[in-house]
Amino acid sequence: MSDANSTPEELILAMLRDVLARQAQQMDLRAQQTARAPIAPTVLMPLRREPDSPIVARTESPSAPREPAVATKSTDEWSETDEPHPLSPAEEQMLKEFNDEAARPLTPSNLPRLLRGLVLALLLLLLVANAPLFEGNSLARALSDQQSLIIRDGLLLKGSAPDVYVIERSQKRWISSLNVFEVYRYQWADVHMVDDQFLNQFPNGKPLYLLVKCPTSPHVYRIENERKRWIKDIPTLLSEGHQWQDVRDMPCAQLRAIPDGAPIPPDAGTPPQP
Amino acid sequence: MLATDVSTTQRDVWLTPLELLLRHRLRFFAEVRDGVDLPHKLAGLLVCAALGFAIFGAVIGSEHSALQAVAAALKLPLLFIVTLLVCLPTLYFFNSIFGASLDLSQNLALLLAAIAMTAIVLLAFAPVVIFFEITTGNYQFFKLLNVAIFVIAGGIGVRQLSEGMRLLQLSDRRSLKARTRILYLWILLYAFVGSQLAWTLRPFFGAPGLPFEWFRGLGGNFYTNIFASFGELFGFFTVR
């Protein structure tokens, strides 16, 4: 086809020439075979055509002999179908039915009215289902919360007791004070009221405490039930499962205003003031 | 013009193509084949499909909040129309390469007919969805119920497309096998594009306990999420 020094363009041109030559050969062969075979008559069949209907179907006569297969036809199914297949009797029947049905006069219906009615009814239903009729809750969301909750880290739950819990790694962690709730920026709107039975399915995790200190004082306190509990020293802090990084600064006056609770450990003595 | 046989009022003008599609499907396909009144058909089907999807979107979104209902009403039509536009060139050009004589507007009419049919089926299911929205609070069940409804509606739409293509190609037999295969492959492509876009545009339902959001960050995919929902519904594990 070409020598080794040919450029890519020359190679492509040579390939194209080959393809065209092969196609010309096939066309010649096909022409010879068609000349030998009787020509299948093709008719234009207007099927129950209406006065201004443009619908016409192009079909082959069922009795027409089929065009013989071309000897050089490719075996590749994606390309062999370039030959138009004649319609099977079932397909011809289908085409006839298609054209008959298509040519049938249209009859007026109340479908548009029905559709409009359905749309209006749906909008009304949607409004009723979402109107806040039950103490601010809509009908669509009136059912108990827990059935539709996705259990995830950060989910806030509250049972019949005043305690609020946050779910973390499949455990419920008690939020030990309002300060913790605020410091972690939880929102009351996100707290889900659930049955105690539902709440109890989660094992207890480490409570969520707030560790604070006053910037001018070395003493660390744990806020618990709205009281400050002095933590005696760093080994105690660590043994309680806390880390120094969790200690936050709080204005000294604000910290002093929080009443004292029992120190940690309880025998640590009188808690110093920050 | 054939469509003028139907006595329609001016306000029903958008509904005429849909009525033709629902009550005289063969006539609709014949008119598409012959190019009868195609612009009107395209516009009518587009409006009806968008409206149907918007109403169904509002229904599923309202399970979470009013804002979510609005968001889903906007996003659901967008999902179907964008998926259609993304996949339309593939169908048209592949069909053309394999000898189909349908032009772009005829292809578009068939696709719009398919999504309009999907929208109507969804609309028909909407009262059922509202019923379950009121009577059950199980989010995973509600989500899977709607996924099943979408599968049914999408299946009917795709069947409609396949039937339309078959009828329109009855008198155009060149490379029919190839084009039929292309159609099936295209349907797969359409489903993949649609599910990925749905995942990108989520949330449509809005998970309870999570605040409203227009779009959620990417991560995961549609199929793993559905698998996880099945897992939680049947008690195998909990979705986190």
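**Helix packing in chain B**

Trainee: Why are helix 5 of chain B and helix 6 of chain B called roughly antiparallel to each other?

Mentor: Helix 5 (residues 104–135) and helix 6 (residues 139–168) of chain B pack at about 155 degrees. Angles run from 0 to 180 degrees between N-to-C directions, with axes fitted to C-alpha atoms over the stretch in contact. Under 35 degrees is roughly parallel, over 145 roughly antiparallel, 65 to 115 roughly perpendicular, and the rest oblique. So these two count as roughly antiparallel. This is a predicted model, where local features need pLDDT of at least 70, side-chain atom pairs need 80 or more, and totals for chains, interfaces and linings use all residues. Residues count from 1 along each chain as its sequence is written, and chains are lettered from A and ligands numbered from 1 in written order.

Trainee: What makes helix 4 of chain B and helix 5 of chain B oblique?

Mentor: Helix 4 (residues 66–97) of chain B packs against helix 5 of chain B at about 140 degrees, with axes 10 Å apart. That value therefore makes the pair oblique. By comparison, the axes of helices 5 and 6 of chain B lie 8 Å apart.

Trainee: Which residues of helix 4 of chain B meet helix 5 of chain B?

Mentor: Among them are B:Phe80, B:Leu84 and B:Tyr92, which face a set including B:Leu104, B:Leu108 and B:Ile115. Contact means C-beta atoms, placed from the backbone, within 7 Å.

Note on methods. Helices (H or I, at least four residues) and strands (E, at least two) are DSSP runs, numbered from the N terminus. Two residues are in contact if their C-beta atoms, placed from the backbone, lie within 7 Å.
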